[in-house]
Amino acid sequence: MGDMIKGNIAIAEAAVRAGVQLYAGYPITPSTEIMEYLSGRLPELGRSFIQAESEVSSINMVMGASACGFRSLTASSGPGISLKQECISCISDEELACVVINVVRYGNGLGTLYSSQCDYFRETRGGGNGDYRCIVLSPESIQEAVDLMAPAFDLAEKYRIVTIFMTEGALGQMMEPCDMPDFIEPKRHSWALNGTYSNKKIGIFDRDSMKEAEALNKKHELIKANEQRWESGQVEDADYVFVAFGLPGRSVKGAVKELREEGHKVGFIRPITTWPFPEKAFAEVNPNVKGFISVEANATGQLVDDVALTAKKVINERNVPVWCLPCVYGVPTLKFTKEGFGRIINGELKEVY
Amino acid sequence: MAKERIVPVMSDNPMSFCPGCGHGIVIRLITECLEELNQLDNIIFPIGVGCSSLLGGGLVADRIHCPHGRAASVATGMKRVTPETTIVAYQGDGDAYNIGISETLNAAYRNENITVVTINNSNFGMTGGQMSWTSMPKQKTTTSPKGRDCELTGQPFRFPEMVADQFNIAYSARGSVTSPKNVNKLKRYIKNGIQAQLNGEGYSVIEALSPCPTNWGLNALKAMERVEEELVPFYPLGVFKEREENKNA
Ligand SMILES: Cc1ncc(C[n+]2csc(CCOP(=O)(O)OP(=O)(O)O)c2C)c(N)n1
Ligand code: SF4
């Protein structure tokens, strides 16, 4: 077991080890330690750190560095991530690769400083204008987060897509023992702009959107086929299957263990990629399952939609009910999940779908 | 005898600017300067949104179309990871000074080692001639149909002077495309801007006053006259921040 380390610091150091050449950002709680750490660390290694005047500017700096073929990164939370959406859409459109860390905090507008998962829809649907997706990684622990950092860049580069690294305020702020990954020295991408016009481009008014749409769909299909990641347990004989990601996902595993000990046939699916959504995990579920239950840290229930859609696809001969236990913010306790489960099996909680 | 002017291959393509537009002249000057400075194989253009976008169709060079107004930030990211590559941001006045004023100003504030060329045609050309922060008092545009009311909309402002005065930048100048003499001067300004970047002196900005006959409702000749008669008195031509090496020359 490695040393105790704070989530945001561990993630920042993992990004350094994954070969990040440029970080640009603007402070916002609870993501700020990432940029504070990198402000010292990157220059130490002869790499670039920029405190930008805004989130808008910082993501555009990332776009520039990424266009030149280097691993580049920004991080933010809440309204800061909203400001980046215009450029994330442009980066996606240009098929560049970069990683955006969202240390999710709760709330609309300015929001709050509570840990949350309320940005699920925005991140998994491609939050800017247009018609694109980002690969979204949602770790449950500091160890998983650092282990996912190099893959976050690998995936972005493999598919020339934006990877959203969606963590939660609490994960950024907590401390856990963690083994750090090794340093890697990534190569500059072959498709980079390098000043010699080695990769031909066409003007925006000469584009064939029909052809591009076909290529985009193909890319999305490929990602869905090859990149789903999840953890699941005890779903084969389960009457009820919990679905939760990130810290709630971790907490739900504890609840499942206790409920099993109490004689309830329950299992869990913990998406690690929240896009592509791990549909394959559902194929292993007991065909006679009585229901799915999403547990999520938001007010209105978001993940529950994907659970219901996937349930419909996998168990299509009958309408399996899908419940939602939204804890609004923070991390749901075992008690919260178990009490919610009790209300569901007693018929006290109406299903969402 | 008139000398034949050979346009660098990089910009020798049709780019569908309107007849009498200044954009084409400025991009040709930039590529001529790059050629003279041996940078034709070492240049990336972050391009703004506006009629600048038309460069995308014809410029034979590494380029990227930036979100509206953000080219100076994109340029910053490029320059930080590849300091050996020449980066010239190419933007209209709406792009650089309206929606993008924050990014444009902050690149100057940091004295980022990039070159920014802005085409000031006193309106939003691409979208059909709306008012810009650089529109003149009383100028009729599609969003100031009775003439720009500066009491309500603010005054036009002079970006190159502003950053020359306030920030520790390398070079700032304004030229125009209205006569062979002015074109030659503008070329000198652009070359100085790029040279400053090559030497690592820091931020350079060159604004080019440029006609937009289509949206001004004037023919090409009359549009050139308007630049001279209405714009130049408010937007003086010249160098506002001189490079150290020129000071001693
Ligand atoms: C975010 C965003 N807002 C608005 C537009 C629409 N738009 C395109 S070009 C432009 C104005 C460009 O004017 P200017 O920079 O002066 O360039 P010109 O066309 O005059 O050369 C606007 C408002 C856009 N493309 N993106
Ligand atoms: S609209 Fe104006 S700026 Fe745009 S190409 Fe035509 S003349 Fe030039």
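**Entry 1**

I started with Glu140(A), which comes out buried at 12% relative accessible area. I'm keeping in mind that this is a predicted model.

Which residue does Glu140(A) pair with in a salt bridge? I looked it up and got Lys253(A), with the closest N and O atoms 3.0 Å apart. Lys253(A) sits in helix H10 (residues 246-261) of chain A, while Glu140(A) is in the loop between strand S6 (135-137) and helix H7 (142-159) of that chain, so the pair ties together parts that are 113 residues apart in sequence.

**Entry 2: how many overall**

I ran the search over the whole structure and noted 43 salt bridges, counting over all chains.

**Entry 3: helix H10 of chain B**

Next I went to chain B and picked out two pairs.

Lys222(B) and Glu225(B) form a salt bridge, 3.9 Å from N to O. I noted that the cut-off is 4 Å. Both residues lie in helix H10 (residues 220-231) of chain B, and being 3 residues apart they are separated by about one helical turn. I looked up the accessibilities too: Lys222(B) is partly exposed at 46%, and Glu225(B) is partly exposed at 33%.

The second pair is Glu230(B) with Arg226(B), where the closest N and O atoms are 3.2 Å apart. These two also lie in helix H10 of chain B, 4 residues apart, about one turn of the helix.

Is Arg226(B) buried or exposed? I get a relative accessible area of 8%, so Arg226(B) counts as buried, the limit being under 20%.

**Entry 4: the shell around ligand 2**

Last stop was ligand 2. I listed its surroundings in chain B: Phe17(B), Cys18(B), Cys21(B), His23(B), Cys51(B), Asn121(B), Gly125(B), Cys212(B), Pro213(B), Thr214(B) and Asn215(B).

Which element gives the most to this shell? I found helix H9 (residues 213-216) of chain B, with 3 residues.

I also sorted the shell by residue class.

How values were computed: Residues are numbered from 1 along each chain as its sequence is written. Chains are lettered from A and ligands numbered from 1 in the order in which they are written. This is a predicted model: local features need pLDDT of at least 70, side-chain atom pairs count only at pLDDT 80 or more; totals for chains, interfaces and linings use all residues. Side-chain values use heavy atoms; hydrogens and water are left out. A residue is near a molecule or strand if one of its heavy atoms lies within 4 Å of it. A salt bridge is a side-chain nitrogen of Lys or Arg within 4 Å of a carboxyl oxygen of Asp or Glu. Buried means under 20% relative accessible area, exposed over 50%, partly exposed in between (1.4 Å probe, protein chains only).
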